[in-house]
Amino acid sequence: MALHRDIFWVGRQWAVTGAGIQAVDQRLRGVLDIDVARLWDDALVQSRRAKPGVNAADFDKALTMARERFPQTVEAAPIVAQLEALGVIEAPVVCPVVPAMTLRAEGRLARFLPQWRIRR
């Protein structure tokens, strides 16, 4: 993934952009990038720092710059925050898990399966 157009700081290995922290090396295709919304997720940050080949000093400098640029806010979920403040919601909101699609054609010949068509 190419670097975001808004570049605030560039180090040897990391850059702070409008998208968050991005690796300068474009051959990684954005695998190690950290989005603005996940900058304060310490587990994700520690997992990125522990990857082999990561310049820890440069990563820490980029993390400090990014956290100064994008402070942690409650604006990510304003309606949920308001409901929690009013005491309407006591438990955290959990997203329902969608069951995985099951394939019911295993062990059967394709020519004997029913066909479906979309009519216009």
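How many residues does the hairpin use to join strand 1 to strand 2? In this predicted model, the hairpin that links strand 1 to strand 2 passes through three residues. The protein has three helices and four strands, and from the N terminus on the elements follow the order β-β-β-β-α-α-α.

The four strands come together in an open sheet with the order 1-2-3-4, and their pairing is antiparallel. At the edges lie strand 1 (7-10) and strand 4 (34-35), each of which pairs on one side only. Strand 1 and strand 2 (residues 14-17) run antiparallel and are joined by three bridges. Within this pair, I7 stands opposite T17 in strand 2, while V10 stands opposite A15 in strand 2.

Which strands does helix 2 touch? Helix 2 (residues 56-69) packs on the sheet and touches strand 1, strand 2, strand 3 (20-23) and strand 4. The direction of helix 2 makes about 5° with that of strand 2.

The largest nonpolar core holds 16 residues, and W14, V16, I21, I34, L39, F59 and A62 touch the most other members. Strand 2, strand 3, helix 1 (42-49) and helix 2 each supply at least two residues of this core. Helix 2 gives the most to the core, with four residues.

Some totals complete the picture for the chain as a whole. Buried residues make up 21% of the 120 residues in the protein. Of the contacts with a separation of 6 or more, 38% are between residues 24 or more positions apart. The accessible surface of the protein comes to about 9900 Å², and carbon and sulfur atoms account for 57% of that area.

How values were computed
Residues numbered from 1 in each chain as written. Predicted model: local features only at pLDDT ≥ 70, side-chain atom pairs only at ≥ 80, totals over all residues. Heavy atoms only, no water. Pairing = 2+ DSSP bridges. Contact = heavy atoms within 4.5 Å. Axes fitted to C-alpha atoms, helices over the stretch in contact; angles between N-to-C directions. Core = buried A, V, L, I, M, F, W, Y, C linked by side-chain atoms within 4.5 Å. Buried < 20%, exposed > 50% of the residue type's maximum accessible area, 1.4 Å probe, protein only. Areas by Shrake-Rupley, 256 points an atom, 1.4 Å probe, with all protein chains shown as cover.
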